Amino acid sequence: MSWKNRGTESTSRHSVSRKLTIFLCVGCFFAGMLFTDRGRLGDDGFQLYWIDVESIYRVRDHFRVSNELRAACDNSPFARGKNMGLWTDFIMYGLPKISGSKYQLSLRMWAVPEAKDISQTTGVANDKLKLDSDNWDRKVDARGQAKDVLGEVSKTHHAIQTLDKTISNLEMELAAARAVQDSLVGGSPVSQNLKMPELAKKRKYLMVVGINTAFSSRKRRDSVRATWMLQGDKRKKLEEEKGIIIRFVIGHSTTSGGILDRAIEAEDKKHGDFLRLEHVEGYLELSAKTKTFFITAVTLWDADFYVKVDDDVHVNIATLGGTLARHRLKPRVYIGCMKSGPVLAQKGVRYHEPEYWKFGEQGNKYFRHATGQIYAISKDLATYISINQHILHKYANEDVSLGSWFIGLDVEHIDDRRLCCGTTDCEWKAQAGNMCVASFDWSCSGICNSADRIKEVHRRCGEGEDSLWAADF
């Protein structure tokens, strides 16, 4: 026989061996499917079988198999997943080439673990489950501890704020007492308000609201009484239950005891809602009046906040109280609608600033300060004004003066735009649940024709009396 024929015969035998191996492997597989009752329907709808794969390995090792097929069987996912009780894809590569194509067989099956490994596998699973449970418990404990830590941090922050506020108040009270003592010892003139500092413990209030008014503003006062300022027993109840003091603030006329003063006295006798100041009324004296109001109010009432508002502004008292209460623990707070308007050097115009040159070149703007329609300061700032009243400079505009007194101090400026809503937008803000603290017309620096229109504004933008009694400050 020639070498050529021998080579052909050898090749043919090798091919037959490989084909026979494949047929035997596949035959064992289908035989297992036909003669076993261990099949079950898988989650994906395929019939799944438990087969003994050892027979396939014995057949493979008995016959001559190509190195490519042997490597594919040894490294197949099925071989690696053997006796592990895992779902696997048994993919056999390296099958003999027939008609120039490579065949691939993919089967879904379940490898049955040996009986001796079942209890071991179950134990491992139980240990793993217990470990996962312990880890979960530790995670839950860690989350609980994190919440506890955050709670403690919040409590500590709250305690620090309270302590800071208390120290600030004590420092101001001590400074006020020293000022009175120094004045008495030195024989210097002392304000009547400082002569009776009432060092004994007084009732604590949330806020004192001073409504700036003038002798000629009787109609405005009546319109305020008819809308947002409670009267009679309700006003007393407001003071006792909610800690809110509301008074019209006015001084004296240039002619003491004249007709203007007597008219205010008669009005006060009827309503009992005035705070009379040791101050001579005049438009150019608004800065002095504002300073005197804070000095008098902080002497008469121990409150967290002192508020100044004009008599042509609509105020929602409950919303104002809730707004201020959120800043109760902060020392040295200055709250309002902060602005920085131009310094007007031209004489004869409204809001002319005679001392314009102090603010730099012509056309410059003021420092940031609260607009004069309404603003609030904390007790320590009111006490600071009382202590330093004789050296605080007064500018022509009272809102500028107040802002200048806090320059250089460690004061927190809070810009809250709800204190300066327009009378046209306060209604839809109220409907949206964003109630305004105060409403007025910027074009008039107050409600235009307030004596006639404030009732309409109150109807559209007012919070209602029930909200005030239900409020918890």
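Guide: Here is a walk along the disulfides, bond by bond. Keep in mind that this is a predicted model. The structure holds four disulfides, and if you count the bonded cysteines along the chain, the pattern reads 1-2, 3-5, 4-8, 6-7. I'll go through three of them.

Let's start with C337 and C420, whose sulfur atoms are 2.1 Å apart. C337 belongs to strand β10 (residues 333-339), while C420 is in the loop between β12 (412-415) and α13 (426-431), so this bond ties together parts that are 83 residues apart in sequence. Turn to the S-S bond itself: the torsion comes out at about -95°, so the disulfide is left-handed. As for exposure, the cut-off for buried is under 20% relative accessible area. C337 has 1% relative accessibility, so it counts as buried, and C420, at 8%, counts as buried too.

Now step along to C421, which a disulfide joins to C436, with 2.1 Å from S to S. C421 is in the loop between β12 and α13, and C436 is in the loop between α13 and β13 (438-439), so the pair ties together parts 15 residues apart in sequence. The S-S torsion for C421 and C436 is about -90°, so this disulfide is left-handed. Both ends are tucked away: C421 is buried at 1% relative accessibility, and C436 is buried at 2%.

Next comes the bond between C426 and C461, with an S to S distance of 1.9 Å. Its torsion is about 55°, so this disulfide is right-handed. Here the link runs from helix to helix, with C426 in α13 and C461 in α14 (residues 450-461), distant parts of the chain that are 35 residues apart. C426 is buried, with a relative accessible area of 1%, and C461 is buried with a relative accessible area of 1% as well.

Conventions: Residues numbered from 1 in each chain as written. Predicted model: local features only at pLDDT ≥ 70, side-chain atom pairs only at ≥ 80, totals over all residues. Heavy atoms only, no water. Disulfide = S-S within 2.5 Å. Helix = DSSP H or I, 4+ residues; strand = E, 2+ residues; numbered from the N terminus. Buried < 20%, exposed > 50% of the residue type's maximum accessible area, 1.4 Å probe, protein only.
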